[in-house]
Structures are given as structure tokens and as C-alpha cells.
Amino acid sequence: MNIGIDFDNTISWYETSFREVAMDEGIIDGNWDGKGKTELRNYLRRQSNGEKTWMKLQGLVYGKYMDSAGMMPGVANFLVSCNVRDHKIFIVSHKTEYGHFDPEMISLRGEALKWMDTNRFFDPEYFGINNEDVLFADTREEKVNIIDRLNCGWFIDDLPEVFDEKHFPVSTKKILFGTHDSDQYQDRMVLNSWRKISEQTMGQI
């Protein structure tokens, strides 16, 4: 079985990274008492040039500071289980080559691959993913076309907009990852943990 997975905020976890990087870069100071990525995004967007600041911070987190990212809880067990069962994993990410407003021009795609290598994604005795099966797209439309070409039985993503693309393949089952309102979506499963995703795709492990 071919299983496709998004990367940012589906496999990789940045919940603490955004605050830490924002403080290191002087974007916020120690007096900011918010929590989490979403609260920080909303706070920055209310400031002067806030959208630009937020985009700059995203580029830093996904690029220069990528090594501070964690792994989403439960995803390691899922990937090991797939490797044991010979399910083929494709990672398909809508990620530009470079971050916005980055004078250092650090490759976001290159940093993501280095992070995966460090976390043993390409180790045949661990996750066993072929690095050629990590694919990047410049647009959501291109991402959906890649998913279609790969003939994925399942695709897992945290962004509803990916599944809303009109050319998303009808033969691929959709799993929307995260704390979304399941009543809002009739054409996809909404699951908020990798344990539940494992049970849905592979049965009780």
C-alpha cells in the first residue's frame, strides 16, 4: 500500500520552536506570555507589518532553525510499523525552495531533508524511506498532481485546503490530521492522533 504524508505540522512539530526562534531573533521579548504557534501568529499579525514578520519567522523556523523542530507524537511508531509491513511511504510537501525575506537564502527543502536524515527517516532498519520518495511542490495544485501520480491509497495532511483542491484524486482516501471540526467535512476522516491514524490505516497494532 502506498501512503502519502504531508511534512510540516503533520510529521514535523514546531509548537515550541516558533516562540524560541522569535525570542532568539528579537521578534518578541520575554514579556510575551502567549502559548503556541497559532497564538503567536495572531499576535504578530496584529502588529505593524505583522504579516511580513510572520512570514519571516516561518522561514527562520523551517530553515535556519529547522534542527530545533520535534517529531509529531506517535508518528515514529506509525512509520516503523509501515516499514515492518512493507507499506511504501511518500512524503509530499508544499514547500518553497527558500524562505520569505531570508538574506541568507537557506534552502528550506535542504534543511528538511537534513532533519529527516538526522532522525533516521532514510535508515532501512528504522523508517526505511527512500530519499527519492520525498517530494516538494511549489503550489498546492502541483502537490495534488504529485499525490495523484503516486497512486496513494491514503493521504494524511493537516491542511483542509489540500483536500479541497478540485483535482485531488478520488481514489485516495483522505485523513485530515488535527483538531478540526469533523462535522464540517463529509469527504474525509478527521483524526487528531497518529495512534488513531495507525488504527484506521493498518488496524490494531
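This is a predicted model: local features need pLDDT of at least 70, side-chain atom pairs count only at pLDDT 80 or more; totals for chains, interfaces and linings use all residues.
Me: Which residues of helix 3 are buried?

Reply: The buried residues of helix 3 are G50, W54, L57, G59, L60, V61 and Y62. Buried means under 20% relative accessible area, exposed means over 50%, and partly exposed is in between, with a 1.4 Å probe and protein chains only. Helices (H or I, at least four residues) and strands (E, at least two) are DSSP runs, numbered from the N terminus.

Me: What do the buried residues of helix 3 pack against?

Reply: Helix 1, helix 2 (36-45) and helix 5. Contact here means heavy atoms within 4.5 Å.

Me: What span should helix 3 have, and how far apart are its end C-alpha atoms?

Reply: With 13 residues at 1.5 Å a residue, helix 3 should span 18 Å, and its end C-alpha atoms are 18 Å apart, which agrees. The expected span is 1.5 Å times one less than the number of residues.

Me: Rings next. How many aromatic pairs?

Reply: Twelve. Rings of Phe, Tyr and Trp (its six-membered ring) pair if their centres lie within 6.5 Å; planes under 30 degrees apart are stacked, over 60 edge-to-face, and the rest tilted.

Me: What kind of pair do F7 and W115 make?

Reply: The ring centres of F7 and W115 are 5.5 Å apart and the planes are at 75°, so the pair is edge-to-face. F7 is in the loop between strand 1 (2-5) and strand 2 (12-13), and W115 is in helix 5 (residues 108-118), so the pair ties together parts 108 residues apart in sequence.

Me: And are F7 and W115 buried or exposed?

Reply: Both F7 and W115 are buried. F18 and W54 form a stacked pair, at 5.1 Å centre to centre with 25° between the planes. That pair links F18 in helix 1 (residues 17-24) with W54 in helix 3 (residues 50-62), 36 residues apart. F18 is buried at 0% relative accessible area, and W54 is buried at 2%.

Me: Which residues form one aromatic cluster?

Reply: F7, W115, F121, Y126 and F127. One of them, Y126, has the charged end of R120 over its ring, 4.1 Å from the centre. The charged end of K52 sits over the ring of F101, 5.1 Å from its centre. The test: NZ of Lys or CZ of Arg within 6 Å of the ring centre and within 35 degrees of the ring normal.

Me: Where does T172 lie?

Reply: In the loop between helix 7 (160-164) and strand 7 (173-177). T172 is buried, at 4% relative accessibility. A polar atom of the T172 side chain lies 2.8 Å from the backbone oxygen of C152.

Me: What else does T172 touch?

Reply: Leaving out residues up to four places away in sequence, T172 touches I147, C152, G153, W154 and F155.

How values were computed: Residues are numbered from 1 along each chain as its sequence is written. Side-chain values use heavy atoms; hydrogens and water are left out. A polar contact is a pair of N or O atoms within 3.5 Å; within protein, one must be able to donate a hydrogen and the other to accept it, and residues adjacent in sequence count only if both atoms are side-chain atoms.
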